[in-house]
Amino acid sequence: MAEIAPSILAADFANLQRDIEMLNASEADYIHVDIMDGMFVPNISFGIPVCEAIHKHARKPLDVHLMIEQPDRYLEAFSKAGAWGLTVHYEACPHLHSTVQHIRQLGVQPGVAINPHTPVEALSEILPDLSLVLVMSVNPGFGGQKFIENTYKKVATLKALKEKFGYNFKIEVDGGVNLDNAASLIQNGADILVAGSFVFGSANPTATIADLKNK
Ligand SMILES: O=C(CO)[C@H](O)[C@H](O)COP(=O)(O)O
Ligand SMILES: [Fe+2]
C-alpha cells in the first residue's frame, strides 16, 4: 500500500474549492501542487496566490513540486503559502545542498525531483539530507502523458540505497501513474504515488483514489 498524492493540476480550476473538498473527504494523503514557470518547463501552471488559496481549504499536506528555474528565489514565499513539502529539481539547482538546507530551515520537508534522463546516482551525496525523492515518470511540464517504463528500475535502485544506508526519504513517482502500473511501482519501492489525470479524468475520483490506495 502506498500513500496517494492527487495532482491538483488536473482539477477543474474554475471549481478548485469543490475539488479540494473532494480530496479532503477522500483517502488521499497529500495534495500535489505543480508549479510551472514556462522556463524550466514549457508550460505555465499557477503560482503563489493559488497555492495560498488551495492551502486555505486543504486539510491534507501540500506536496509542492517546483518545476521552476532558480527555485531559491521563491522557497520562503511557498513556505508562507502553506507548503508542507517543497520539491526542487536536481536539474535546476547548481547549489542543491544549500537549497535543501534552506528548505529545512524554513520548517518544510525538502524533496528533490529527477527528470527521466537523470540517473539516481546523481543524488548520492544529497540523499541523507532529503525527506523525499521524486522520480519523474514523464518529462515534466504536462499532465496526461504516458508513463516511462524505465522508472521501475530507478525506484528499485533508490530503494536499495535506502536499505543499504538506512536513509529515511520517501520515494515518490510522478507522471502517468494509473492502476496498470501502481502495483509494480509499489513492489519496486514507491512510497507515494502522484496521479493527476487518472484521478480527475475518472468518473468517480474519490473511488479512483481509494483504488490506487488499496493496491
Ligand atoms: O509534475 C507533473 C507534470 O510535470 C504532474 O504532477 C504529473 O504529470 C501528474 O499528472 P498525470 O498523472 O496526469 O501524469
Ligand atoms: Fe508533479
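The dialogue below goes from the whole chain to single residues.

Tutor: This is a predicted model, in which local features need pLDDT of at least 70, side-chain atom pairs count only at pLDDT 80 or more, and totals for chains, interfaces and linings use all residues. Residues are numbered from 1 along each chain as its sequence is written, while chains are lettered from A and ligands numbered from 1 in the order in which they are written.

Student: How many helices and strands are in the protein chain?

Tutor: Helices (H or I, at least four residues) and strands (E, at least two) are DSSP runs, numbered from the N terminus. The protein chain has eight helices and eight strands.

Student: What share of the residues in the protein chain is buried?

Tutor: A residue is buried if 20 or more other C-beta atoms lie within 10 Å of its own, exposed if 12 or fewer, and partly exposed in between, with C-beta atoms placed from the backbone. Buried residues make up 44% of the 215 residues.

Student: Which faces of β2 are covered?

Tutor: In a regular strand the side chains alternate between the two faces of the sheet. In β2, Ile 31, Val 33 and Ile 35 lie on one side and His 32, Asp 34 and Met 36 on the other, and all are buried, so both faces are covered. Six of the six residues of this strand (residues 31-36) are buried, so β2 is largely enclosed by the rest of the structure.

Student: In which sense do β2 and β3 pair?

Tutor: Two strands pair if DSSP finds at least two bridges between them. Strands β2 and β3 (residues 62-67) have six bridges and run in the parallel sense. Met 67 in β3 is the bridge partner of Met 36. Between these strands the chain passes through helix α2 (residues 48-57), and the β-α-β crossover is right-handed; that is, with the strands pointing away from the viewer, the path from the first strand over the helix to the second runs clockwise.

Student: Which residues have the most contacts inside the largest nonpolar core?

Tutor: A nonpolar core is a set of buried Ala, Val, Leu, Ile, Met, Phe, Trp, Tyr and Cys residues joined through C-beta atoms within 7 Å. The largest one has 63 residues, and those with the most contacts inside it are Ile 31, Val 64, Leu 86, Val 133 and Leu 193. Strand β6 (residues 132-136) supplies the largest share of this core, five residues.

Student: What is Val 64 in contact with?

Tutor: Two residues are in contact if their C-beta atoms, placed from the backbone, lie within 7 Å. Leaving aside neighbours within four places in sequence, the contacts of Val 64 include Val 33, Ile 35, Phe 78 and Leu 86.

Student: Where does UniProt place the feature "active site"?

Tutor: UniProt positions are given in the numbering used here, feature names are shortened, and annotations may be inferred rather than shown by experiment. The unreviewed UniProt entry places this feature at Asp 34 and Asp 174. They span 141 residues in sequence, yet no two of their C-alpha atoms are more than 10.5 Å apart, so they gather at one spot. Asp 34 lies in strand β2 and is buried, with 24 C-beta neighbours inside 10 Å. Asp 174 is found in strand β7 (residues 170-174) and is buried, with 25 such neighbours. Not counting residues up to four places away in sequence, Asp 34 touches His 65 among others, and Asp 174 also touches His 65.

Student: Is Gly 141 buried, exposed or partly exposed?

Tutor: Gly 141 is partly exposed, with 18 C-beta neighbours inside 10 Å. This residue lies in the loop between β6 and α5 (151-165), and the unreviewed UniProt entry lists Gly 141 under "binding site".
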